[in-house]
Amino acid sequence: MNKPKVRDIECWDLDTQSPLHSLEFTMNPNELILKTDESLWNYRSQISAVNNTFDEDCNNLNISAERPDMRNYTIKFRCIHGESDHDDGNGKEKQQEETTSSTTMSSTGATLSSNSSLKSQASSPLHELLTIIVTTSPIKSNPSTEVLERTFDTFSYAGIEFCYNCPKIIICDGCRIKQDESAVVTNKHANTKQRLRSGIATSKQAENYELFKIALRKLCDDAGSGVVLHGDDKKSLSPFRNTRVVELDERHGYGFALRHALRHEVSTPYVCVIQHDRTFMRHTPIQSVVQSMTNSNGCIKYVGMNMRSNLTYRDTFTTKYGSSSLNELLGMVLKPPELALDSSVFGPNGTSVKLMLEAQSHNKALQKNLKSLAQTYLVTVQSTSNSSNSTTSTTTDAASEEDGREKDTTHQLSLTPTLFWYDNTHVCETSHYRDFIFNPAYKMVAKGGFVEDKLSPAIIRSVERLGLREGHSKFGCYILDDHSGYFFTGHLDGGSYMTTAEKKQLISGEARFNKK
């Protein structure tokens, strides 16, 4: 491959001395150029010329004059922008070493580590690997910050370092102000919730949103910054620590607001994307997830924390695509060693579940509903298929105790491939989002919409065209499950959320009405 020596967007100093600074080859009609591995994937390219005429040198290119339908392509390569060379003091430029630990930059200019260097970062602290992006937009509970406060209060379920040390970015989307407040824009926007969901606010709602952002900035400023050590007192710390608020001037929608944050605010190789009303329900092994992604050689690009609607994703998949496809899907299920975790915490008998139920002790109806759902889970394909393919047991039989074998105290969590890209809480490679999902050439995300809306159909089309394994591999999206029957994340429904003060006012009003 005649590729540039240096990772610089304008570098034309190639490995081989060619005055053309290009690669030439021939193709038959209807053939495609496939980008694979280091040879092409990490270099930006474009077809600079297609020569349909042949000269006396055509024999050197194995082109026969009898086959004028063959095409001679000239492709020029430009690599991903990285650190430029500097003068070494002797008038010579230093050549940047082409090693697996090299630092690259995306086309947007924010520094991140290349996929090949991720393994070396497995032992790095989480705050050096992961940035938390929280998206928010106008909701009817503004100017109150209660929704975000309740969401951030659950960050401790993902670990102390996640909660206090990881850099956090709250991206505040803009909105469009409806001038005539009595007019209905469309039937779709007839109610307040749908109108705000589409970024359309009245003058009063826009004013409340501005007050909300002022209060939010104060929360973040008061929380402070800096790394919290393990021995430090956590009681006085705020989960808004190390948080920055970024305001967008105009309406972008969830997808493009996330794109803005990824392009301009993130410098870590991974991001955890959370919507403002998505909470952690129980202990969630975010750090172990990041480690498994780091050690997967780019196989695992996205891990979604399961929620109620996809708790039994394998059953949903079976219903849509049949049992034969399910068998292929089960062959793609991953059980990384990094997710063989303490069975006293995860799994059906772990403290993660017990503490979740205790936290809902004030809501007996919800507690009963959760237990009923867990019982139903036991007979689902999601549960039974994992039992038959389990590689790590959570208990030790009597025989192992008798012969002195060490007890197995781990429980294996699984990653199930998904053909739906859930916008629910997830961890994703930064470069995967920047350079693939948000690549403008692929048009997989629309302005004003959600990522999952257009991307999920694109995944399905890829699978239909290339087959399940190959079609899924370039998206690399999975759902985390500890097979306890309980989900990791919940939903506050910010669009309909009532603050504590509003609830008290409503109850007080009902009481006065009943007295009459």
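A residue counts as buried when its relative accessible area is under 20%, as exposed when it is over 50%, and as partly exposed in between (1.4 Å probe, protein chains only). By this definition both faces of strand β11 are covered, with Tyr270, Cys272 and Ile274 buried on one side and Val271, Val273 and Gln275 buried on the other. The model is predicted: local features need pLDDT of at least 70, side-chain atom pairs count only at pLDDT 80 or more, and totals for chains, interfaces and linings use all residues. Residues are numbered from 1 along each chain as its sequence is written, and side-chain values use heavy atoms, with hydrogens and water left out.

**The sheet**

- Two strands pair if DSSP finds at least two bridges between them; β6 and β11 run parallel and are joined by 6 bridges, and Val134 has Ile274 in β11 as its bridge partner.
- β11 and β17 run antiparallel, joined by 4 bridges, and Cys272 stands opposite Val427 in β17.
- β13 (residues 302-305) and β17 (residues 426-429) pair in the antiparallel sense over 3 bridges, where Tyr302 has Cys428 in β17 as its bridge partner.

**The nonpolar cores**

- A nonpolar core is a set of buried Ala, Val, Leu, Ile, Met, Phe, Trp, Tyr and Cys residues joined through side-chain atoms within 4.5 Å.
- The largest has 47 residues, and Phe155 and Val427 are among those that touch the most other members.
- Helix α6 (residues 203-223) gives the most to this core, with 6 residues.
- Leaving aside neighbours within four places in sequence, Phe155 is in contact (heavy atoms within 4.5 Å) with residues including Ile132, Val134, Phe162 and Ile274.

**A helix pair**

- Helix α11 (residues 351-359) and helix α12 (residues 364-377) pack at an angle of about 150 degrees, with their axes 9 Å apart; axes are lines fitted to C-alpha atoms, for helices over the stretch in contact, and angles run from 0 to 180 degrees between N-to-C directions.
- The two helices, α11 and α12, are therefore roughly antiparallel to each other, a term for angles over 145 degrees.
- Met356, Leu357 and Glu358 in α11 meet Gln367, Leu370 and Lys371 in α12.

Definitions and conventions:
Angles under 35 degrees count as roughly parallel, over 145 as roughly antiparallel, 65 to 115 as roughly perpendicular and the rest as oblique.
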